[in-house]
Amino acid sequence: MIYQGRSFSGHERNCCFLNTMAGGLDNDRFATISAISGIDVDDDGRALAQVDWDHDGDLDLWISNRNAPRLRFFRNESSRTNRFVQLRLVGNGRDTNRDGVGARVTVVLKSASEPIRLIKTLHAGEGFLSQSSQWLHFGLGDATEIESIFVSWPNKESKPEAFGGVSTNGRFVLEQGLGRATPVDIRAGDLALNSTITQIPPVDKRHRIPLIYPLNVPALGYLGFDGSPHEVVLKPDQVTLVNLWSTTCKPCLAELTEFAKRSNELKAAGVRIIAISIDALESSEPSAVAEAKAMAGRLKIPFEVGMATPAVIEDFRRLHEILITLNRPMPMPSSFLINRQGELEIIYKGPVEVDTILADAGEAQMDALARYQRSAAFPGSMLDDEVINSAIVKNQAMVHYKLAQQLVANKMFDAAAKEYEVILRYWPDSGSIVNDLGAVLVMKGNIPDATKHFKRAIELKPTDPEIRFNLARTLELQGKVNDATQLMEQSVSIFPQHANSHFFLGVLKNRVKDLPGAQTCFERAVELDSKNDRALFSLANMLLNAGEFANAKKHLVRALEISPNESAILVGLGKVYMYENNGPEAERLFRLAVRNQPQLAEAQYQLGLALAAQDKFSEAQLYFEATLRLDRNFPGAREALQQTMRNSVSKK
């Protein structure tokens, strides 16, 4: 919710409840006194701490908020006729901590009937992100005399210690071992605090966001007004400002006008501007491009201008959301300053002044500590400390890691590999990152380099069986089946509970026709991980080939529950239904498989067989033809096509 710019409890008035148990246990209810308490303000309240701040015998409140004001003080100004006592504990520092944290204090009040016992325990930390005063405050009601006080120190051997010399309406220190309270004279006085009315600043949608961690910008491109693609080549002698604008956005047009007037200054400072209109993305009207072109002509824009593609908007959105927690839509205009190293340096949300761009473009390269200071919301000094510097490095690596994961998810493997290389500059000995880079290199098709990275990852993190699994896959892809098999046998010996090792060892055994061994491996993988869809499918496939359709069906149904859109599993289960003479259900599954993966020749072929079995020869013919287009040598497809054509003619 917070990532979406929302709050868990924003603009909900604070609540205050009164314990009304005075009537006994049968009356254990709370009454809301929020309005008359005076604390029911419309804040996004979080932590609360109690303390007698003005030393007048009642508890005042400090409350922190998630929004402004970040801190509120509530002075207790209720009428006071009841009595109190405040106690401060001091442990002996040997078997009890000096603050007395964990001690339980019992105050016994003299009463006409039975003595009244009040009990409190001193805590370190109370509620959410808060610590109340270490002075224990006891409200005594109308009691005029304290009969006795006992302290159970946080020491298992000691008995409760009795303290004398305590009177009402006073403050006393109870030091362990003395047995007598020491009075403390604290006079009530005026607070050095003045009440103020919170001034809410006007909303300004213009934001200059300098990045703490500059990020590599992926390959950028846009379309000319004639539809021709333009690739943005970033040059080391230039700072590039990519500006997103629209013809319907008045601030955008005013900004572009200013850019045009001062284009010579920008050019002299080495600033290259690329103004990209988003009009064609917002409107399906063919006139959108013509209107943007006409507007660029009227403004006499002297720099690069064109139309945005969905890809370039997605690239900037991705970078924006990695860096900025409150992921609200970017306003128009928005601009992105890319430094001479090809990294995103600053995001401008809303219009930006030319003088600001010139100043930012002229900044020298900064180290991470200087970037932290530049990005702070207010001026101040940074501590150059090893702990802080270590945290900066860790955070910087994590930002690059988040970007790398997003790039992998979007199949941008070249850009992802670059991000992992950046991360390794911060964490050169991270076996996990080396392994992740190896996995990306596999996706790029660079198997030799991936193999080197997996071997290095095993050296760095020998206790991770997944890395050995990844290395075995790359060896198998290079035809080194014996090496891969040896590695997996070693892995199942070292990590007998690792399902993937058993699974891939089964794949390798199946490849060399060791079918009993393969089946044993698949069964063990399923036993270890009942949600391993690959092992379930592989085991089911072996059972299908062995004619054990009932057992195969059980595993395929389970695999399909885990991966309902996996075409290979759909095809396998469809084959079972064909064996059971359930043509309609088999057809349904094969159609799903074709829809999910139309390039899978097996799915096209099996759908053709299911249709032919139901005498739907004309339609079956189409799928056999599709099978042969995908694989002209697909076993049985040509014969099935010819037979279907004959059956179709015979049926006519």
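Strand β10 (residues 146-152) pairs with β11 in the antiparallel sense over three bridges. Strands are DSSP runs of E with at least two residues, helices are runs of H or I with at least four residues, and both are numbered from the N terminus. Two strands count as paired if DSSP finds at least two bridges between them.

The model is predicted, so local features need pLDDT of at least 70 and side-chain atom pairs count only at pLDDT 80 or more, while totals for chains, interfaces and linings use all residues. Residues are numbered from 1 along each chain as its sequence is written, and side-chain values use heavy atoms, with hydrogens and water left out.

**The antiparallel sheet**

- β10 and β11 belong to an open sheet of four strands in the order β8-β7-β10-β11, with antiparallel pairing.
- β8 (116-121) and β11 (161-163) stand at the edges with a single partner strand each, so one side of each has no neighbour in the sheet.
- Neighbouring strands of this sheet are turned by 20° against each other on average, direction ignored; the axes behind such angles are lines fitted to C-alpha atoms.
- Phe 150 stands opposite Ala 162 in β11.
- Strand β7 (residues 104-109) is joined to β8 by six bridges, and the two run antiparallel.
- β7 and β8 form a hairpin with six residues between them, and Val 105 stands opposite Lys 120 in β8.

**The mixed sheet**

- Another open sheet has four strands in the order β9-β6-β12-β13, and its pairing is mixed.
- Its edge strands, β9 (136-141) and β13 (182-183), each pair on one side only.
- Strand β6 (residues 83-90) runs antiparallel to β9, and five bridges join them.
- Leu 87 has Leu 136 as its bridge partner in β9.

**Backbone features**

- Most residues other than glycine have a negative phi, and most peptide bonds are trans.
- His 55, which is not a glycine, has a positive phi of about 55°; His 55 is found in the loop between β3 (45-51) and β4 (60-65).
- Met 332 and Pro 333 are joined by a cis peptide bond with omega of about -5°.
- Pro 333 lies in the loop between α6 (310-323) and β20 (334-338).

**Surface charge**

- Asp 367, Asp 384, Asp 385 and Glu 386 gather in a patch of negative charge on the surface.
- Patch residues have over 30% relative accessible area and no salt bridge, and like charges are joined within 9 Å.
- Accessible areas come from the Shrake-Rupley method with a 1.4 Å probe, and a salt bridge is a side-chain nitrogen of Lys or Arg within 4 Å of a carboxyl oxygen of Asp or Glu.
- Asp 367 lies in the loop between α7 (354-361) and α8 (368-375).

Technical notes. Axes fitted to C-alpha atoms, helices over the stretch in contact; angles between N-to-C directions. Patch = residues over 30% accessible without salt bridge, like charges linked within 9 Å, V, L, I, M, F, W, Y side chains within 5 Å. Lys, Arg positive; Asp, Glu negative; His and termini not counted. Charge placed at Lys NZ, Arg CZ, Asp CG, Glu CD.
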